[in-house]
Amino acid sequence: MERKQVVNLVLWPVALLVLNSLWMSVAGGVAPYEINDKDHAIETRTVELDSVFGQSKAMPAEFDVEFTGISVDDGHVSWTVRDSSNVVVAQWSGMLSDGPPDWSGALEPGTYTVETVVDEGIIAEQVLYIQPFESYRLEGHILLSVCLFIVAFGEVFIRQKADAYLSKRAASTPAQPEKSPFTPLKSGMPEEDLALDEEGPWRSPIGR
């Protein structure tokens, strides 16, 4: 097996591994949507979740919530997530002392409204984390692998066709006769050879 073929056999699996590793990292990526922070408390916040690749698969989501009492030790707190049809997707209601009311689930692409209600002296910190590509992890691995195989076999096919074309063209091109740097002598009568010599660079000097 030629060295070039051995190198190709090694490079393609490495490329497959690298591409799938990159996609695994991208698929696990998280997009944060800040709902409320300590300095900008908003009771109603609208969040727009865009579709991925034009599909409507639900995306893994996690709602991180933290309530902090500034001037009070306890009080009532609640939050509600509604979709564009005003249907409650998730909600929580309780007291500040109940602990962090986090939520995790899946949200389809669309418009959502987050309503937060807290008693006086309590602030809320809320961040909605979305993994937009996680739902397409398997499809991404399959698509990347198939595309890489197509490129690999296509490259081999094109190279073989190019080599065959060049070989066929070289075989059909007639060989050019090799040109000699010397002038051939004519065969015939001595007078012809003498005349040829007189026309050359070493002809006899002309007498005065």
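These notebook entries record what I looked up in a predicted model.

**Entry 1: G110**

I first located G110 and found it in strand β7, which covers residues 110-118. Next I listed the contacts of G110, setting aside residues up to four places away in sequence. G110 touches V47, E48 and L49. I also looked up S51: the C-alpha atoms of G110 and S51 lie 7.7 Å apart in space, while 59 residues separate the two in sequence.

I turned to helix α1, which spans residues 3-27 and contains V14. The relative accessible area of V14 is 44%, so I noted this residue as partly exposed, a class that lies between 20% and 50%.

**Entry 2: H141**

I found H141 in helix α2, which runs over residues 137-172. Its relative accessibility is 16%, and because the limit for a buried residue is under 20%, I recorded H141 as buried. Which residues does H141 contact, once neighbours within four places in sequence are left aside? I noted N20, W23 and M24 as the contacts of H141.

Methods:
Residues are numbered from 1 along each chain as its sequence is written. This is a predicted model: local features need pLDDT of at least 70, side-chain atom pairs count only at pLDDT 80 or more; totals for chains, interfaces and linings use all residues. Side-chain values use heavy atoms; hydrogens and water are left out. Helices (H or I, at least four residues) and strands (E, at least two) are DSSP runs, numbered from the N terminus. Contact means heavy atoms within 4.5 Å. Buried means under 20% relative accessible area, exposed over 50%, partly exposed in between (1.4 Å probe, protein chains only).
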